[in-house]
Amino acid sequence: MANENKRDYYEVLGVDKNASADDIKRAYRKKAMQYHPDRNPGDKSAEAKFKECNEAYEVLSNAEKKGLYDQYGFAGVDPNFNPNAGFGGGGFGGGFGGFGDLGDIFGDLFGGGRRGSAGPRRGENVAARLELTFEEAAFGAEKEVSVGRIEFCAKCAGSGCADGSKPETCTRCGGSGSVRTTQNFMGMTMQSSTACPACGGRGTIIKNPCSTCKGKGKVRRTAKVKVQVPAGVDNGQSVRVRGQGSAGSSGAPAGDLLVEISIRRHPLFGRNGADVLCEMPVTFAQAALGAEIEVPTLDGKVRYTVPEGTQTGTVFRLRGKGIPHVDNNRSRGDQLVTVVVETPTKLSKEQKELLRKFDESAKSSGNQPKISKFFEKLKQNFEK
């Protein structure tokens, strides 16, 4: 992709130039999860955007590269750029390997390891979604998810070879998986290291491949993985299961499984962080006279005394009746209960008469509701 066709790296990740390192990392995680090939099989557009996100993050997550990019643009992160001498300047010594030698640009989210190298390469992380009930998210649970991941081929034990055969060392690269090329650039001799074209960077050649994995040594399978969901996990958060991602190469560890949590709506409770939210209906008489009521909580019903004269919208707090903090399960949030005074309907004639007498009594005693006083003042203003 030519530089003139590239999108600005900040635009790619959806952040501004003043974004912190944490903001950049969060933005990258979101974009990478959205466009990851495992979530968009066969979608070339998503694959291109995924690569674009990786390239942008590889630069913006590195303070030195970010500084060069901010000052010089795409030229500043060109492998051949020298800020002291411009393009083609000296000082590279034994050669510069280009972006292929810069190591992992997939970050923490999608695994590590160099591409096109016969050395160990950590397996890629994989993603899954898990729906929980409100209570499971609050108190934790053991669940099982289905995961599509790359595993070692069982038939050839990961060798990629048919029975009775084994990989042969690549004669082109001598088993290193990379070859060095020399190029002349503006009067300079530049050396770079690239993946060996003969073996594809593996360092070995399989002449008699396994019939199951076709010589790759790995196959894609769906596995069932148990997930220990910690108490207090919130909607949109991810639970990491170490080593349950795709298999690594050359003895490197497997990647991780990242399980994104979604929580089903509860008929009674809402949530704000570690606090539980709920509405509690009370009758007009209970609100006016005060009453002891039963309030539902995650731990069962508790009794609470509503004080005399309680108004709709009043919020009372039940301390320690919320959700455990995910980073400290010994501490819990509170439950915030909003009072809703129910207006009686379908009153009998006798009940209506009693209410009228009550209203007249309240007016004569000066103890009428605030809303009545408001409308009385409004009426007086119109009569002037």
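**Aromatic pairs, strand pairing and a surface patch**

Tyr9, Tyr10 and Tyr69 are linked into a cluster by ring pairs, where rings of Phe, Tyr and Trp (its six-membered ring) pair if their centres lie within 6.5 Å, and where planes under 30 degrees apart count as stacked, over 60 as edge-to-face and the rest as tilted. The structure is a predicted model, in which local features need pLDDT of at least 70 and side-chain atom pairs count only at pLDDT 80 or more, whereas totals for chains, interfaces and linings use all residues. Residues are numbered from 1 along each chain as its sequence is written, and side-chain values use heavy atoms, with hydrogens and water left out.

Across the whole structure, a search finds six aromatic pairs. Among them, Tyr9 and Tyr69 form a tilted pair, with 4.7 Å from centre to centre and 35° between the planes. Tyr9 lies in helix 1 (residues 9-13) and Tyr69 in helix 4 (residues 63-72), so the pair ties together parts that are 60 residues apart in sequence; helices (H or I, at least four residues) and strands (E, at least two) are DSSP runs, numbered from the N terminus. Tyr9 is buried, with a relative accessible area of 5%, and Tyr69, at 5% relative accessibility, also counts as buried, the term buried meaning under 20% relative accessible area, exposed over 50% and partly exposed in between (1.4 Å probe, protein chains only). The rings of Tyr28 and Tyr57 have their centres 4.1 Å apart and their planes at 10°, so this pair is stacked. Because Tyr28 lies in helix 2 (residues 21-35) and Tyr57 in helix 3 (residues 44-60), the pair ties together parts that are 29 residues apart in sequence; both Tyr28 and Tyr57 are buried.

Three strands form an open sheet of mixed pairing in the order 1-9-8, two strands being paired if DSSP finds at least two bridges between them. Strand 1 (126-132) and strand 8 (238-241) are the edge strands, each pairing on one side only. Strand 8 runs antiparallel to strand 9 (residues 257-263), to which four bridges join it, and Leu257 in strand 9 is the bridge partner of Val241. Elsewhere, strand 15 (residues 324-325) and strand 16 (residues 328-332) pair in the antiparallel sense over two bridges, and a hairpin joins strand 15 to strand 16 through two residues. Arg332 in strand 16 is the bridge partner of Pro324.

At the side chain of Phe284, which has its place in helix 6 (residues 284-289), the relative accessible area is 41%, so Phe284 is partly exposed.
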